[in-house]
Amino acid sequence: MSETGTPGRYQRTTNGLIGSMIVAVVVVIGVVVFRSVFRNDLEVEPEPIDYLDLVAAVQTTDREVAYPPALPAGWIATNVEASQAGQPPRFFLAVLTDDGRFIGLRQEGDSVEDLLEEHVDGSTDEKGTAEVDSEVSGSWDVYTDDGGDRAYAAQVGEENLLVYGSAPAEDLELFLGLLSTEPVGATAAGR
């Protein structure tokens, strides 16, 4: 307390406020720099998912959806999506090969050109057809882009199927050969 009986007050100034803000910012930057210097590079491994439950659910809507009943050793599914009831039919599956290369599968009512533009590249070149032994289709239209991605397109019922990615052609064609539209569980039982 001061001599007059009122609590003591310190002078608050704009310069004092600015000074304390500068000190706080310097401390935060110092902490961030310190952590970045002494932190090990964090490598995140993708988590595999079970996509067959969603495929089975989609099949209960009497929709014929293409999917691989099983993946080769070391390959993992990392994402699966399907449209909700009342929405245009869409199905998506993302897979990583054993060397981490991406393969995507899209099945929708959109045109092949729209699928290519949205998921591969706005300018793809048609490279003819590929004959691949698959339950879904024996002949696939092949497309490439300048970045080295490759895509294969075929018709499944009233929908277009696009398989694409950065994986080499051998892996993409191996994936095509795995595809089935049989009910989940039926392909394993029939083998």
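In this predicted model, threonine 144 has arginine 150 of strand E6 as its bridge partner.

Attention can now turn to the charged side chains. Side chains of opposite charge can pair when their charged atoms come close. The count of salt bridges in the model comes to three. One of them joins glutamate 159 to arginine 63, with 2.9 Å between the closest N and O atoms. Because glutamate 159 belongs to strand E7 (residues 159-165) while arginine 63 lies in the loop between helix H2 (52-59) and strand E1 (76-82), this pair ties together parts that are 96 residues apart in sequence. Both partners, glutamate 159 and arginine 63, are buried.

Arginine 90 takes part in a salt bridge with glutamate 108, and here the closest N and O atoms are 2.4 Å apart. The two residues connect distant parts of the chain, with arginine 90 in strand E2 (residues 90-96) and glutamate 108 in strand E3 (residues 102-108), 18 residues apart. Their surroundings can be described in turn. Glutamate 108 counts as buried, because its relative accessibility of 2% falls under 20%. Arginine 90, at 33% relative accessibility, counts as partly exposed.

Arginine 90 also meets the side chain of aspartate 110 in a salt bridge, at 3.4 Å from N to O. Aspartate 110 is found in the loop between E3 and H3 and arginine 90 in strand E2, so this pair ties together parts that are 20 residues apart in sequence. Through shared partners, the salt bridges join Arg90, Glu108 and Asp110 into one network. Aspartate 110 counts as partly exposed, with a relative accessibility of 24%.

Glu113, Asp114, Glu117, Glu118 and Glu126 form a negative surface patch. Which helix gives the most to the negative patch? That helix is H3 (residues 112-119), which provides four residues. Glutamate 117, a member of the patch, is found in helix H3. Is glutamate 117 buried or exposed? Its relative accessible area is 55%, and glutamate 117 is therefore exposed, as the value is over 50%.

Notes:
Residues are numbered from 1 along each chain as its sequence is written. This is a predicted model: local features need pLDDT of at least 70, side-chain atom pairs count only at pLDDT 80 or more; totals for chains, interfaces and linings use all residues. Side-chain values use heavy atoms; hydrogens and water are left out. Patches are made of residues with over 30% relative accessible area and no salt bridge: like charges are joined within 9 Å, nonpolar side chains (Val, Leu, Ile, Met, Phe, Trp, Tyr) within 5 Å. Accessible areas come from the Shrake-Rupley method with a 1.4 Å probe; for residues, only the protein chains shown count as cover. A salt bridge is a side-chain nitrogen of Lys or Arg within 4 Å of a carboxyl oxygen of Asp or Glu. Lys and Arg count as positive and Asp and Glu as negative; His and the chain ends are not counted. The place of a charge is taken as NZ of Lys, CZ of Arg, CG of Asp or CD of Glu. Buried means under 20% relative accessible area, exposed over 50%, partly exposed in between (1.4 Å probe, protein chains only). Two strands pair if DSSP finds at least two bridges between them.
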